[in-house]
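Subject: Structure handover

Hi,

Here is the structure for your files. Please look through it before reading on.

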Amino acid sequence: MSGEEGPAQQQEPEQVKKPDEPPPAEAAEAKPESSSSSPAAAEEEQPISYRALVLTGYGGYDKIKLQVKSMKKSQLKAGEVLVRVKACGLNFAELLGRQGLYDLLPAPPVTMGMEGSGVIEAVAEDVTDRKVGDRVIAMKRHGMWQEVAVVPANRTFPIPEAMSFEEAAALPINYMTAYMMLFEMANLRPGKSVLIHMAAGGVGIAATQLCQTVQDVTIFGTASASKHETISQGGVTHPIDYRTKDYVTEIRKINPKGVDIVLDPLGGADTQKGFGLLKPLGMLIVFGTANCVTGQKKNLLAMAKTWYNQLTLNTLKLMQTNKAIAGFHLGYITDEELFERTLVKLMELYQQGKIKPRIDSCYHFEEVTEAMKRMHDRQNIGKVILIPEPKKSEEKPQSNTEEAENVGENEAAVSDQKEEAAVEVEAEKD
Ligand SMILES: NC(=O)c1ccc[n+]([C@@H]2O[C@H](COP(=O)([O-])OP(=O)(O)OC[C@H]3O[C@@H](n4cnc5c(N)ncnc54)[C@H](OP(=O)(O)O)[C@@H]3O)[C@@H](O)[C@H]2O)c1
């Protein structure tokens, strides 16, 4: 743990404060009638203190604070498990969330984080398909960026022995998003062509790997130039530097008729371009608004521009062009069966060696500013991971060191960032 039990013990347990968590009375009702004198019951009543990354207000990096909280195992409700978190995923949605642009994140103060991996440390009485010691992926709408997290058992998924905690934390959101878009919506088949924007990012790499599970798929991928060698090796057929070239022109030079599927995480003018690039019977899937984000603070001009340039057309036009437009948001998928089926399929593909999350870098909770900055600065190739375990003083951030050139650049960037880092470890004030 954090070694900061002193202040933690003066705090209210997180569960008491959050509307979606059980008030103590309910939690007590959910518990079996155990004898309070037994050692197990006594252990459950012992407060556990833990560190959490809390969004304290909307804005820049300084709005995320590392705080110490406490809870009791006895607060587990029916159907819940307690997970000791080993690794968490950082998603673009959290950059949006910090700026107040992600509608599924409750208002601050709120612990961030939608995905992670770890070991089950306690289970509610009625949970029979998970047990203490299981290694799992865990998902929540928010609240995964903490050392221990209470999660519904049906949002935990066992992971294979060979899968590291970092890989497990990198997989769910990126791969489920890519899988559902490509296979449930766009019905990707052999011989098709796909445009993947942000192709070197978490979802981009997942989508590239999944496209390769189908024969003869041509992948156009936009990414910053320094990442092209890596994404080509990863399976992108035609990498395009969107910063210096018009990707529409580049694609038309190769495929004059355009592409069959466009995955659009950008919004605004890029949605219009994507629609224009579709072949007849093609599908554009809108799943993000990255164009609204230009740096650590909210940019109203970029938001207005994205909104102003968004694609608007009537259904008659859609009919006359023989094209399809779809929207996708994993956060609004409520079909638990689809959720589970997709993760089972992804685990199979992982076991078969067909997919493998690429970890860009791992940062301890104390380094959340550097982690977010890496994404804002468009440096990541693959997934950025947050590690709850406290940083040892001599440790450096662990970046993927496959490319000597990139490593040099990245280390310089990270050391610059350290001076700006303003993460605090402080006890939560009531
Ligand atoms: N709807 C859903 O359910 C769902 C689920 C997951 C993700 N998403 C969306 O998918 C997109 C990718 O998400 P991710 O988590 O995998 O992130 P990510 O792709 O790893 O994001 C970082 C990378 O995106 C590129 N990029 C493009 N525009 C950017 C901008 N305005 N600011 C910073 N980077 C930008 C940069 O690479 P290059 O410069 O090399 O392009 C950067 O390195 C996001 O739009 C996200 O909101 C949607």
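Predicted model: local features only at pLDDT ≥ 70, side-chain atom pairs only at ≥ 80, totals over all residues.

Residues are numbered from 1 along each chain as its sequence is written.

**Ligand shell**

There are 28 residues around the ligand, and Gly201, Gly202, Pro265, Gly288 and Leu330 come nearest. A residue counts as near if its C-beta atom, placed from the backbone, lies within 6 Å of the molecule. By class, the shell has 14 nonpolar, 12 polar and two charged residues. Nonpolar means Ala, Val, Leu, Ile, Met, Phe, Trp, Tyr, Cys and Pro; charged means Asp, Glu, Lys and Arg; the others, Gly among them, are polar.

Four helices, α5 (92-98), α7, α8 (202-211) and α15 (368-376), each supply at least two shell residues. Helices are DSSP runs of H or I with at least four residues, strands are runs of E with at least two, and both are numbered from the N terminus. The ligand shell lies between domain 1 (5-170) and domain 2 (173-332), because both give residues to it. The domain bounds come from an automatic or database domain assignment.

**Helix pair**

α7 (172-185) packs on α14 (336-351) at about 100°, with the axes 10 Å apart. That makes α7 roughly perpendicular to α14, a label for angles of 65 to 115 degrees. Axes are lines fitted to C-alpha atoms, for helices over the stretch in contact, and angles run from 0 to 180 degrees between N-to-C directions.

From α7, Pro172, Tyr175, Met176, Tyr179 and Met180 meet Thr342, Leu343, Lys345 and Leu346 of α14. Contact here means C-beta atoms, placed from the backbone, within 7 Å. The contact residues divide into seven nonpolar, one polar and one charged.

**Sheet**

Six strands form an open sheet with parallel pairing, in the order β11-β10-β9-β12-β13-β14. Two strands pair if DSSP finds at least two bridges between them. β11 (238-240) and β14 (324-327) are the edge strands, each pairing on one side only. Neighbouring strands are turned by 15° on average, direction ignored. β12 (259-264) and β13 (278-286) pair over five bridges. Val259 stands opposite Leu278 in β13.

**Backbone points**

The Pro108 to Pro109 peptide bond is cis, with omega near 0°. Pro109 sits in the loop between α5 and β4 (110-111). Asn187, a residue other than glycine, has a positive phi near 50°. Asn187 lies in the loop between α7 and β9 (193-196).

Best wishes

Note on methods
Parallel < 35°, antiparallel > 145°, perpendicular 65-115°, else oblique. Contact = placed C-beta atoms within 7 Å.
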